[in-house]
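User: I am new to this structure and would like to understand the terms used to describe it. Please take me through them one at a time.

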Amino acid sequence: MLLGEEAEARIRLPPGRIVHIEEITGDPAALANCQVRVLGRLKAVNCALAEVVLEHNNHELVVDTGHLSTEQHPALIGHLYTVIGEVDPAAPEHAADLVVRARVSRCVDGMDTALFERALEIKRMHDARIEALFSSPNGSDGVGCPAA
């Protein structure tokens, strides 16, 4: 294995599960230490604590931005951002009871959020169907075909 491939294999992180802010704040224990991807408008920035507040559908989430580069740091209040990071329900260095420790942040102004919401709904329906197919007690995929 090449040195670059070894380094890449060691730092490979799981993709973030797409969730709404209210899903994280509503049941933090369910997503504790999970990699998530959230969407929200930047509401506040606290440079001293290296954190920002995202808001979506009247729900707020504190995001720890300490590991982001300057280019990735959300800085434009009112702009739409997507963040991938780990849910930390017990972040003692933050005032909030729950934070997402961001590893990637990106401004996504111009995104059609209604279309995004619909696509997420369809993805979840598909994922539920696939889960049901593979957990079928008779080994069938629901249409008479044996499970793979």
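User: In which strand is Asp88 found, and why is Asp88 called buried?

Analyst: Asp88 is found in strand β5, where a strand is a DSSP run of E with at least two residues, a helix is a run of H or I with at least four, and both are numbered from the N terminus. Buried means under 20% relative accessible area, exposed means over 50%, and partly exposed lies in between (1.4 Å probe, protein chains only). Asp88 has a relative accessible area of 14% and is therefore buried. This is a predicted model, in which local features need pLDDT of at least 70 and side-chain atom pairs count only at pLDDT 80 or more, while totals for chains, interfaces and linings use all residues. Residues are numbered from 1 along each chain as its sequence is written, and side-chain values use heavy atoms, with hydrogens and water left out.

User: What makes the pair of Asp88 and Arg101 a polar contact?

Analyst: A polar contact is a pair of N or O atoms within 3.5 Å; within protein, one must be able to donate a hydrogen and the other to accept it, and residues adjacent in sequence count only if both atoms are side-chain atoms. The side chains of Asp88 and Arg101 are joined at 2.7 Å, and the pair is a polar contact. Asp88 also touches Asp97, Leu98 and Val99, among others, leaving aside residues up to four places away in sequence; contact here means heavy atoms within 4.5 Å.

User: How do you know whether Thr82 is buried or exposed?

Analyst: The relative accessible area of Thr82 is 18%, so Thr82 is buried. Thr82 also has its place in strand β5, and a polar atom of its side chain lies 3.2 Å from the backbone oxygen of Val38.

User: Why does Val99 count as buried?

Analyst: Val99, in strand β6, has 0% relative accessibility and therefore counts as buried.

User: What makes a group of residues a nonpolar core, and which members of the largest one touch the most others?

Analyst: A nonpolar core is a set of buried Ala, Val, Leu, Ile, Met, Phe, Trp, Tyr and Cys residues joined through side-chain atoms within 4.5 Å. The largest has 18 residues, and Ile24, Val36, Val38, Leu54, Leu61, Val63 and Val87 touch the most other members. At least two residues of this core come from each of α2 (21-26), β2 (35-46), β3 (51-56), β4 (59-64), β5 (80-88) and β6 (99-107). Setting aside residues up to four places away in sequence, Ile24 touches Val19, Leu31, Val36, Val38, Leu61, Val87, Leu98 and Val100.

User: How do you know that the span of helix α3 agrees with its number of residues?

Analyst: The expected span of a helix is 1.5 Å times one less than its number of residues. Helix α3 (residues 113-134) has 22 residues and should span 32 Å; its end C-alpha atoms are 31 Å apart, so the two agree. At the start of α3, the backbone nitrogen of Ala114 has a side-chain oxygen of Asp112 within 3.2 Å.
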